[in-house]
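Opening the notebook on a new structure.

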Amino acid sequence: MFAGKKFAAFLFDMDGTVVNSIAAAERVWADWARRQGLDVAAFLPTIHGVRAIETIARLALPGVDPMREADALLQAEAADIDGILPIAGAAAFLASLPPERWAIVTSAPRELALLRIAAAGIPLPAILIAAEDVSRGKPAPDCFRLAAERLGVDARDCLVFEDAPAGISAAEAAGATVVVISATHQHPLQTPHAAIASYAGLGITVDDRGWIVLAAERAAA
């Protein structure tokens, strides 16, 4: 996919990228949107890949406190983890990576991220960047730059796995290489980046410096 290009680390968005939580998230957000008198069908596509507080603030609803509403939504989402699943092949692929060479970078609050990671049964990363770790969420590049910094690498040497436009823009702004995960897309995303539907069949090789090459297929045992 990247012609043998080597990366210092892999950075993964969570929802829609390694975890499929769309059904749970949209149940909670649909209830909230109905209470606000919003057009639910038009509103739901705007929630993905962005911090809740920024989604709510962007609406500028009269009398609505974005921080208070985001906190209430967090509690509702934390209470609804039914049907959360790993993206196909994600658990095995993450488990194959050197622990010090990957991180999850999510717009979800840490509490919710930990619940969804556990519910999906994917490995818990050594580095988890969550909503409260940055002052500016995606599409700002801050979260990916912070993840790279904590891994001791440069974001420009990282491969970012993303599914949402805001996250893709954040990765681009950080100077990272991007691969789009299309597993949860109902319609093709218009993007110049390489795209894959799942992690099935993907593998890696690691050089003597610890840099990673993404392989098209796992080597046979």
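This is a predicted model: local features need pLDDT of at least 70, side-chain atom pairs count only at pLDDT 80 or more; totals for chains, interfaces and linings use all residues.

**Salt bridges and the domain contact**

I began with Asp31, which counts as partly exposed at 38% relative accessibility.

What does Asp31 pair with? I found a salt bridge to Arg34, with the closest N and O atoms 2.6 Å apart. Both residues belong to helix H1 (residues 22–35), and since they are 3 residues apart there, about one helical turn separates them.

Next I looked up the total, and the structure holds 13 salt bridges. I went through a few of them.

**Entry: Lys138 and Asp13**

Here the closest N and O atoms of the salt bridge are 3.0 Å apart. I checked where the two partners sit. Lys138 is in the loop between strand E6 (127–129) and H7, while Asp13 is in the loop between strand E2 (9–12) and strand E3 (19–20), so the pair ties together parts that are 125 residues apart in sequence. Buried or exposed? Lys138 and Asp13 are both buried.

**Entry: Arg110 and Asp133**

I got 2.6 Å between the closest N and O atoms of this salt bridge. It links distant parts of the chain, 23 residues apart: Arg110 comes from helix H6 and Asp133 from the loop between E6 and H7. On accessibility, Arg110 is partly exposed at 27%, and Asp133 is partly exposed too, with a relative accessible area of 24%.

I also noted a network of salt bridges that links Lys6, Asp207 and Arg209.

I looked up the contact between them: domain 1 puts in 18 residues and domain 2 puts in 13.

How much area is buried between domain 1 and domain 2? I read about 1200 Å², with carbon and sulfur atoms giving 55% of it. On the side of domain 1, Ser21, Ser107 and Leu112 lose the most area to domain 2, and together they make up 31% of what that side buries.

I count 1 salt bridge between domain 1 and domain 2. Glu77 and Arg116 have side chains that meet in a salt bridge, at 2.8 Å from N to O. Which helix gives the most to the side of domain 1 that touches domain 2? It is helix H6 (residues 110–120), with 4 residues. By residue class, that side of domain 1 divides into 8 nonpolar, 6 polar and 4 charged.

**Entry: helix H8**

Last, I looked at helix H8 (residues 165–173), where the buried residues are Ala166, Gly167, Ile168, Ala170 and Ala171. What do the buried residues of H8 pack against? I found helix H7 (142–151), strand E7 (158–162) and strand E8 (177–181). After H8 comes Gly175, and I jotted down that its phi is positive, near 85°.

Definitions and conventions:
Residues are numbered from 1 along each chain as its sequence is written. Side-chain values use heavy atoms; hydrogens and water are left out. Contact means heavy atoms within 4.5 Å. Buried area is the accessible area (1.4 Å probe) that two parts lose on being put together, summed over both. A salt bridge is a side-chain nitrogen of Lys or Arg within 4 Å of a carboxyl oxygen of Asp or Glu. Helices (H or I, at least four residues) and strands (E, at least two) are DSSP runs, numbered from the N terminus. Ala, Val, Leu, Ile, Met, Phe, Trp, Tyr, Cys and Pro count as nonpolar, Asp, Glu, Lys and Arg as charged, and the others, Gly among them, as polar. Buried means under 20% relative accessible area, exposed over 50%, partly exposed in between (1.4 Å probe, protein chains only).
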